[in-house]
Amino acid sequence: MPFYSLKNISARISLKSFFARTSREDLIFGGTVLLLLLFLTVFIWGGYVFFTVRRPIERQPALSIKIPPLTPEDFDEMAKLLDIRDQKFKDILAE
């Protein structure tokens with residue numbers, strides 16, 4: 001019977017044979033190392049996410065729109081428009 005038969009391979013990778021061959025101390029040590037690696041992975045991933053979120057967002061520069069200065073004629077026109085609006089409002093209320 002060849003050494004690498006399917007029967008021998010399945011017996012070597014079964015959990016029952018794994019736990020039968022390892023001592024209790026080896027299982028505890030392996031479990032501790034596995035837990036430490038999982039904790040370290042979660043800790044590093046959490047730190048990465050934390051610092052990625054806290055990184056300042058690059059702000060877009062504000063669009064500079066030049067507003068022309070107001071002249072006395074503009075104020076006169078605004079006063080006329082306000083008077084017209086006020087008169088129309090009074091006409092509507094009078095109806």
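Phe-51 is exposed, at a relative accessible area of 58%, where exposed stands for over 50%, buried for under 20% and partly exposed for what lies in between (1.4 Å probe, protein chains only). The model is predicted, so local features need pLDDT of at least 70 and side-chain atom pairs count only at pLDDT 80 or more, while totals for chains, interfaces and linings use all residues. Residues are numbered from 1 along each chain as its sequence is written, and side-chain values use heavy atoms, with hydrogens and water left out.

The protein chain holds four helices and zero strands, in the order α-α-α-α along the sequence; helices (H or I, at least four residues) and strands (E, at least two) are DSSP runs, numbered from the N terminus. Of the 95 residues in the chain, 2% are buried. The chain exposes about 10200 Å², with 69% supplied by carbon and sulfur atoms, as computed by the Shrake-Rupley method with a 1.4 Å probe.

Leu-37 sits in α3 and is partly exposed at 49% relative accessibility. Together with Phe-29, Val-33, Phe-39, Leu-40, Phe-43 and Ile-44, Leu-37 makes a nonpolar surface patch of about 770 Å²; such a patch joins nonpolar side chains (Val, Leu, Ile, Met, Phe, Trp, Tyr) within 5 Å, from residues with over 30% relative accessible area and no salt bridge.

Aromatic pairs come next. Three are found, counting rings of Phe, Tyr and Trp (its six-membered ring) with centres within 6.5 Å; planes under 30 degrees apart are stacked, over 60 edge-to-face and the rest tilted. The rings of Trp-45 and Tyr-48 have centres 5.5 Å apart and planes at 35°, so this pair is tilted. Both residues lie in α3, three residues apart, about one turn of the helix, and both are exposed. Phe-50 and Phe-51 form an edge-to-face pair, 5.3 Å centre to centre with 75° between the planes; Phe-50 is partly exposed at 45%.

The whole structure has one salt bridge, defined as a side-chain nitrogen of Lys or Arg within 4 Å of a carboxyl oxygen of Asp or Glu. Asp-86 forms it with Lys-90, the closest N and O atoms being 3.5 Å apart. Both residues belong to helix α4 (residues 72-94), four residues apart.

Methods. Patches are made of residues with over 30% relative accessible area and no salt bridge: like charges are joined within 9 Å, nonpolar side chains (Val, Leu, Ile, Met, Phe, Trp, Tyr) within 5 Å.
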